Amino acid sequence: MPLAADRDLSVVRHPSPNAGPRRGGALPDMVVLHYTAMDTAHAALDRLCDPLAEVSAHYLISRTGDCWCLVDEHQRAWHAGAGSWGGQTDVNSRSIGIELDNDGLSPFSDPLMRTLERLLPGILERWQIQAHRVIGHSDMAPDRKIDPGPRFDWRRLALQGLACWPFLGSVANDGAGLPKASTIATVPPDPAEPDQAAFLRALRGFGYPGDASPAALCAAFRARFRPGTFGPLDEVDLGLAEELARRFPVDPAGQAA
């Protein structure tokens, strides 16, 4: 039986052979968002169902809002690859993967976003996944992946309780507990050089992989939480990372040794 969140969502089943059982009895406890970086959703659909490609995802959403289910949620899709989140390295066994029809350079279409916003609540409810466990491919593999990229509107998801967003006490919020995006980008950094080690500790405390390069971690963090921000690490980066780690610490039992 579909959940209430799913009843108005039309999902076409289009099984991919690129799947298998989740390892070690794992259940999904995170959602990973990707972009396809292909010309059309149908081109992506063909690739995700091609046994020679050895890639897949649980869902694919087109820029027109169409949604396909390629792999049953109980199965392990092949979408995440090498990387980790919260110390867990077999992300495929612990996640639901969603591919979004986007070239990585353009804004994500409103029909696509609306379908995603109707798909996610049911997934989160079925598997009891917390909103802060909805992550991007670049979050878990910052050294090799950049999707869904800085054009993806994470704050829009956060406003609906479908993702998380950081805020600082010194940053004006919009009345919903979330900061105004423009405010975060324009807060002047402290003239003192920020503590990079503290920044990296905070990122790992939130879930980012501890073995990724500092430059890639900073780029992935900014693409998600401070899009359009460049230059050296600053105190706003540090403050936002520490705030996320404080509000959403990873389970210590799940951390890699």
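## Salt bridges and a cavity

At 6% relative accessibility, Arg-222 counts as buried (buried means under 20% relative accessible area, exposed over 50%, and partly exposed in between, with a 1.4 Å probe and protein chains only). The model is predicted, so local features need pLDDT of at least 70 and side-chain atom pairs count only at pLDDT 80 or more, while totals for chains, interfaces and linings use all residues. Residues are numbered from 1 along each chain as its sequence is written, and side-chain values use heavy atoms, with hydrogens and water left out.

Let's see what Arg-222 pairs with. Its side chain meets that of Asp-237 in a salt bridge (2.6 Å, N to O); a salt bridge is a side-chain nitrogen of Lys or Arg within 4 Å of a carboxyl oxygen of Asp or Glu. Asp-237 lies in helix H8 (residues 235-247) and Arg-222 in helix H7 (residues 214-225), so the pair ties together parts that are 15 residues apart in sequence. Helices (H or I, at least four residues) and strands (E, at least two) are DSSP runs, numbered from the N terminus.

Asp-237 is itself buried, with a relative accessible area of 0%. Asp-237 also forms a salt bridge with Arg-226, the closest N and O atoms being 2.8 Å apart. Arg-226 sits in the loop between H7 and H8, eleven residues from Asp-237, and Arg-226 is buried at 3% relative accessibility.

How many salt bridges does this rule give? The count comes to 15.

| Pair | N to O distance |
|---|---|
| Asp-237 and Arg-222 | 2.6 Å |
| Arg-226 and Asp-237 | 2.8 Å |
| Arg-63 and Asp-101 | 2.7 Å |

In the last pair, Arg-63 lies in the loop between strand S4 (59-61) and strand S5 (67-69), and Asp-101 in the loop between strand S7 (95-100) and helix H2 (110-127), so parts 38 residues apart in sequence are tied together. Arg-63 is partly exposed at 35% relative accessibility, whereas Asp-101 is buried at 3%. Elsewhere, a network of salt bridges links Asp-110, Arg-114, Glu-117 and Arg-156.

A search of the whole structure finds one cavity of 30 Å³ or more (a cavity is a set of points on a 1 Å grid over the protein atoms alone where a 1.4 Å probe fits but cannot get out, and lining residues have an atom within 4 Å of a point). The largest cavity has a volume of about 40 Å³. Three of its lining residues, the largest share, come from H7.

Terms used
On a 1 Å grid over the protein atoms alone, a cavity is a set of points where a 1.4 Å probe fits but cannot get out, and a pocket is an open set with protein on both sides within 12 Å along at least five of seven lines; lining residues have an atom within 4 Å of a point. Grid points are joined across faces, edges and corners, and a volume is the space filled by probe spheres set on the points.
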